[in-house]
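Subject: Handing over a structure, with notes

Hello,

Here is the structure I promised you. Please open it first, then read my notes beside it.

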Amino acid sequence: MGERQELDRLAPSHLEVPSGSRIAVDYSDVEAPVLAVRLQEVFGLLDTPRIGGGKIPLLMHLLSPASRPVQVTRDLRSFWSTGYFEVRKDLRGRYPKHHWPDDPLSAPPTRGTKKRPM
């Protein structure tokens, strides 16, 4: 494997999230690389993505539909079990057109809003 391929494997410029979006990894702080992604795009993702051959968990900035950070975590599993329900309660009123499922781990990830009934 070439050096460039090895670097891309260990420190990818982008990661694909469950919604299918390719999200850029921010390496401006080499001690804490960041993946900033809308919360609905990672429904179903149980564990925090890792780089460096699986050794380094990314610092996840989970964003509102307006792309504002609502939670920062390195432990996505813990967020789903404890913090999500508080965030959901707050954001569901502000963003009623977006999905806020009771079980985010079994909900399909989404990039958009709810479909309007015809």
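In what order do the elements of the protein run from the N terminus on? The order is α-β-β-β-β-β-β-β-α. That gives two helices and seven strands. Please keep in mind that this is a predicted model.

**Overall picture**

The protein has 118 residues, and 37% of them are buried. Its C-alpha atoms fill a box of roughly 55 × 30 × 25 Å, taken along the principal axes. I also looked at contacts between residues at least 6 apart in sequence. Of these, 46% join residues at least 24 apart.

Now for the pairs. A reminder from class: strands of a sheet pair through backbone hydrogen bonds, either parallel or antiparallel.

- Strand β2 (residues 22-26) runs antiparallel to β3, and two bridges join them. Here V25 stands opposite L35 in β3.
- V37 has L62 in β6 as its bridge partner.

Is β6 mostly covered or mostly open? Strand β6 covers residues 59-63, and four of its five residues are buried. So it is mostly covered.

**The hairpin**

Next, follow the chain from β6 to β7. The two strands form a hairpin with five residues between them. Two residues of this loop deserve a look.

Take S67, in the loop between β6 and β7. What is the phi of S67? It is near 65°, a positive value in a residue other than glycine. Why point that out? Most residues other than glycine have a negative phi. S67 is partly exposed, with a relative accessible area of 37%.

A66 is found in this loop as well. It counts as partly exposed, because its relative accessibility is 34%, and that class lies between 20% and 50%. Now find Y95. It is 29 residues from A66 along the chain, yet their C-alpha atoms are separated by 9.0 Å.

**The cavity**

Rolling a probe the size of a water molecule over the atoms shows where empty space is left. How many cavities of 30 Å³ or more does a search of the whole structure find? It finds one. About 40 Å³ of space lies in the largest cavity.

Which residues line it? They are R38, Q40, E41, P65, H98, T110, R111 and G112. By type, the lining divides into one nonpolar, four polar and three charged residues.

H98 lies in the segment after α2. Is H98 buried or exposed? Its relative accessibility is 15%, and buried means under 20%, so H98 counts as buried. Leaving out residues up to four places away in sequence, H98 touches Q40, P65, G112, T113 and K114. Among these, Q40, P65 and G112 also line the cavity.

At 18% relative accessibility, it falls under the 20% cut-off, so T110 counts as buried. With residues up to four places away in sequence left out, T110 touches S19, Q40, E41 and H99. Q40 and E41 are lining residues of the cavity as well.

That is everything for now. Write back once you have looked through it.

Best wishes

Conventions:
Residues numbered from 1 in each chain as written. Predicted model: local features only at pLDDT ≥ 70, side-chain atom pairs only at ≥ 80, totals over all residues. Heavy atoms only, no water. Buried < 20%, exposed > 50% of the residue type's maximum accessible area, 1.4 Å probe, protein only. Pairing = 2+ DSSP bridges. Contact = heavy atoms within 4.5 Å. 1 Å grid on protein atoms, 1.4 Å probe; cavity = no way out; pocket = protein on both sides within 12 Å on 5 of 7 lines; lining within 4 Å. Points joined across faces, edges and corners; volume = space filled by probe spheres on them. Nonpolar A, V, L, I, M, F, W, Y, C, P; charged D, E, K, R; others polar.
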